[in-house]
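Work through the exercises below with the sequence and the model at hand. Each task is followed by a solution in steps.

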Amino acid sequence: MGPLLSDPQSASFACVTMVKLALDDLRDVLARGEATDREIDASIRAAENVLERGLQQFPQEQYLLTAEAEFAKLLSDHERSFAALKKAFQANRRDPYIAARLAKIHEQRGELPEAQEILE
């Protein structure tokens, strides 16, 4: 993928494709009943990482913005991802990634006191 990402004409398309692949992987992991919390956490981190890098490079790319909304909905709608993030936060309250993601999900669910408590 290296050459595709460095070519100005194909970079945004390559980035969008990478994000979609990461989101598909996350969906697959969440759908697998035997997936561990560690696997779910790793898949969430991978998807968010590639999405954030893409949005930094192409902040106005409509497909990336759509993928960001899809990612947020996937996390907030899927109880396994929410439960895995809660467990990960209980195990390591100092991890800024976990705290930010969990607080964002609480915020999207309208649970503002919980979100604020996590961030504090």
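A salt bridge is a side-chain nitrogen of Lys or Arg within 4 Å of a carboxyl oxygen of Asp or Glu. This is a predicted model, in which local features need pLDDT of at least 70 and side-chain atom pairs count only at pLDDT 80 or more, while totals for chains, interfaces and linings use all residues. Residues are numbered from 1 along each chain as its sequence is written, and side-chain values use heavy atoms, with hydrogens and water left out.

**Exercise 1.** Describe the salt bridge between arginine 27 and aspartate 24.

Step 1. The N to O distance between the two side chains is 2.8 Å.

Step 2. Both residues belong to helix α2 (residues 11–31) and stand three residues apart, about one turn of the helix. Helices are DSSP runs of H or I with at least four residues, strands are runs of E with at least two, and both are numbered from the N terminus.

Step 3. Arginine 27 is partly exposed at a relative accessible area of 29%, and aspartate 24 is partly exposed at 39%. The classes are buried for under 20% relative accessible area, exposed for over 50% and partly exposed in between, with a 1.4 Å probe and protein chains only.

**Exercise 2.** Locate the partners of the salt bridges lysine 87 to aspartate 37 and arginine 101 to glutamate 48.

Step 1. In the bridge of lysine 87 with aspartate 37, the closest N and O atoms are 3.2 Å apart.

Step 2. Arginine 101 and glutamate 48 meet at 2.2 Å, N to O. Because arginine 101 lies in helix α6 and glutamate 48 in helix α3, the pair ties together parts 53 residues apart in sequence.

Step 3. Arginine 101 is buried, with a relative accessible area of 5%, and glutamate 48 is buried as well, with 9%.

Step 4. Salt bridges with shared partners join Asp24, Arg27 and Glu70 into one network. The whole structure holds nine salt bridges.

**Exercise 3.** Characterise the largest pocket.

Step 1. The space in this pocket is about 250 Å³. On a 1 Å grid over the protein atoms alone, a pocket is an open set of points where a 1.4 Å probe fits, with protein on both sides within 12 Å along at least five of seven lines; lining residues have an atom within 4 Å of a point. A volume is the space filled by probe spheres set on the points, which are joined across faces, edges and corners.

Step 2. The lining has 14 residues, and Glu48, Glu52, Phe71, Arg101 and Lys104 are the closest to the pocket centre.

Step 3. Two or more lining residues come from each of α3 (37–57), α4 (62–77) and α6 (96–108). Helix α3 gives the most, six residues.

Step 4. The lining divides into six nonpolar, two polar and six charged residues. Here Ala, Val, Leu, Ile, Met, Phe, Trp, Tyr, Cys and Pro count as nonpolar, Asp, Glu, Lys and Arg as charged, and the others, Gly among them, as polar.

**Exercise 4.** Which residues line the second largest pocket?

Step 1. The volume of this pocket is about 170 Å³.

Step 2. Its lining consists of Lys86, Phe89, Gln90, Arg93, Leu102, His106, Glu114, Glu117 and Ile118. Helices α5 (79–91), α6 and α7 (112–119) each give two or more residues.

Step 3. By class there are three nonpolar, two polar and four charged residues.
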